[in-house]
Amino acid sequence: MMQVSQRSSETPLDDSNWRTVIQENASVLAAPLSNSAHHSSILHSSPSSLSDTRFLPTMSTQTQPQSQQQEPLTFPSHHAALIQPYLPPVASSSSSGSSSGITPFPHVTLTYAHSLDAALSLAPGVRTALSGSQSKAMTHFLRAHHDGILIGAGTAVADDPGLNSRLVFLEDDNTEVSLAARQPRPVVLDPRARWEVHEGSKVVVLAREQRGLGPWVLVNSGTVVDEGRRKVLEAVGGRYIPLEARREGERFEWEDVLRALKREGLGSVMIEGGGDVINSLLAPPVNRFVDSVIVTIAPTWLGQGGVVVSPPRTAGENGKPAPPVRLTDVTWCPLGEDVVLCGRVSR
Ligand SMILES: NC(=O)c1ccc[n+]([C@@H]2O[C@H](COP(=O)([O-])OP(=O)(O)OC[C@H]3O[C@@H](n4cnc5c(N)ncnc54)[C@H](OP(=O)(O)O)[C@@H]3O)[C@@H](O)[C@H]2O)c1
């Protein structure tokens, strides 16, 4: 079997080769996905080292590097097997050569966590932890299987997110594979360059520590970018990427965003939010670009005033309101106290 460690960040993700690490008390087990049924009876999914910070909203800070607080995460094979059908095909990985393939767009997975009242956060700008430890580990599993992670400027400003994968992989001899080996490219949709990225931004710290990649920031081609911020990005392998809006003063078309990312070599992109980004992507006809939707539903209500997932309604027959989007090919996976819903956009 090919070793995971033979990959660099530029080599393809090969799902036949990845391994999840399962910690059971002090022992560490490696479990190939293909053997998940065989292993599932002996695997535990809640490593005791993970602290459960669910439902504890915290104001984000922009100055405190937090990477040292990050612990490796584990995701058991029997859960991975449920998610697997919704992952990008291996051939969609940019590095496998598909950027010159048939579709000009990356595989798009839309994924986020929301409350029972469909809220992503308590209020705009308030970082709100929703996922339990197991669904958080799933997010990191998903990140390890995509070439890029995209967020909107609102999330970059509010959350100071790390946008790396903390999933641990093992070699055949049980030595850990470097976290740098399976990192997605963070992408921030920030047409006006309002995200004040600096040396202490979490994503920058992680990239400097080689536990993540330097972020790409998609800016409007007319935007003048602060030179200090540009240097911060470039020092960790990130950069500003200018993109034309089709009409002056208007937003980018998603088609143009996704085409640009594919052109830059991303064969698969996981879109994590926030509300503005998710709602616009779920609205027809844009939702045709979404291949998979993976939603974590947490057993809590956040109340009124939150950032809510609720795409604009469309007009159906006779001008009556119609649902904008429905999922098909649906799987529900209980993960701890959360439920994860996987599906594809019904065409
Ligand atoms: N629970 C979760 O899974 C989750 C995940 C992510 C975020 N969140 C939460 O979501 C909240 C942030 O959501 P949000 O709605 O305020 O912001 P957002 O969706 O992260 O970002 C919105 C911004 O992105 C830019 N943008 C979006 N679409 C664009 C397009 N087509 N073309 C050009 N620019 C585009 C715009 O920037 P400009 O305004 O500069 O034009 C827009 O204001 C935070 O509270 C965060 O904690 C939760």
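Q: In which loop is Leu163 found?
A: This is a predicted model, in which local features need pLDDT of at least 70 and side-chain atom pairs count only at pLDDT 80 or more, while totals for chains, interfaces and linings use all residues. Residues are numbered from 1 along each chain as its sequence is written. Helices (H or I, at least four residues) and strands (E, at least two) are DSSP runs, numbered from the N terminus. With elements named in this way, Leu163 is found in the loop between α4 and β6 (185–189).

Q: Is Leu163 buried or exposed?
A: With C-beta atoms placed from the backbone, a residue is buried if 20 or more other C-beta atoms lie within 10 Å of its own, exposed if 12 or fewer do, and partly exposed in between. Leu163 has 27 other C-beta atoms within 10 Å, so this residue is buried.

Q: What is the phi of Leu163, which is not a glycine?
A: Most residues other than glycine have a negative phi. Although Leu163 is not a glycine, its phi is positive, at about 55°.

Q: How does Ala118 count by its C-beta neighbours inside 10 Å, and what is that class called?
A: Ala118 lies in the loop between β3 and β4, and this residue, although not a glycine, also takes a positive phi, of about 60°. Inside 10 Å there are 16 C-beta neighbours, so Ala118 counts as partly exposed.

Q: What distance separates the C-alpha atoms of Leu122 and Gly303?
A: Leu122 lies in the loop between β4 and α3 (133–144), where it has 17 other C-beta atoms within 10 Å and is therefore partly exposed. Along the chain, Leu122 and Gly303 are 181 residues apart, but their C-alpha atoms are separated by 7.4 Å.

Q: The peptide bond from Gly273 to Gly274 has omega near 0°; what is its form called?
A: Most peptide bonds are trans. Gly274, which lies in the loop between β9 and α8, is joined to Gly273 by a peptide bond with omega near 0°, and this bond is cis.

Q: What is the bridge partner of Tyr112 in β10?
A: Two strands pair if DSSP finds at least two bridges between them. β3 pairs with β9 in the parallel sense over four bridges, with Val269 as the partner of Val108. Six bridges join β3 to strand β10 (residues 292–297), which runs parallel to it, and there the partner of Tyr112 is Val295.

Q: Which residue of β7 is the bridge partner of Val187?
A: Five of the five residues of β6 are buried, with Arg185, Val187 and Leu189 pointing one way and Pro186 and Val188 the other. β6 is joined to β5 by five bridges in the parallel sense, where Ile149 has Pro186 as its partner. β6 also pairs in parallel with strand β7 (residues 216–220) over three bridges, and there the partner of Val187 is Trp216.

Q: Within what arc do the buried residues of α7 fall?
A: The buried residues of helix α7 (residues 254–263) are Trp254, Val257, Leu258, Leu261 and Lys262. They line one face of the helix because, seen down its axis, they fall within an arc (of the directions from the helix axis to the C-beta atoms) of 130°.
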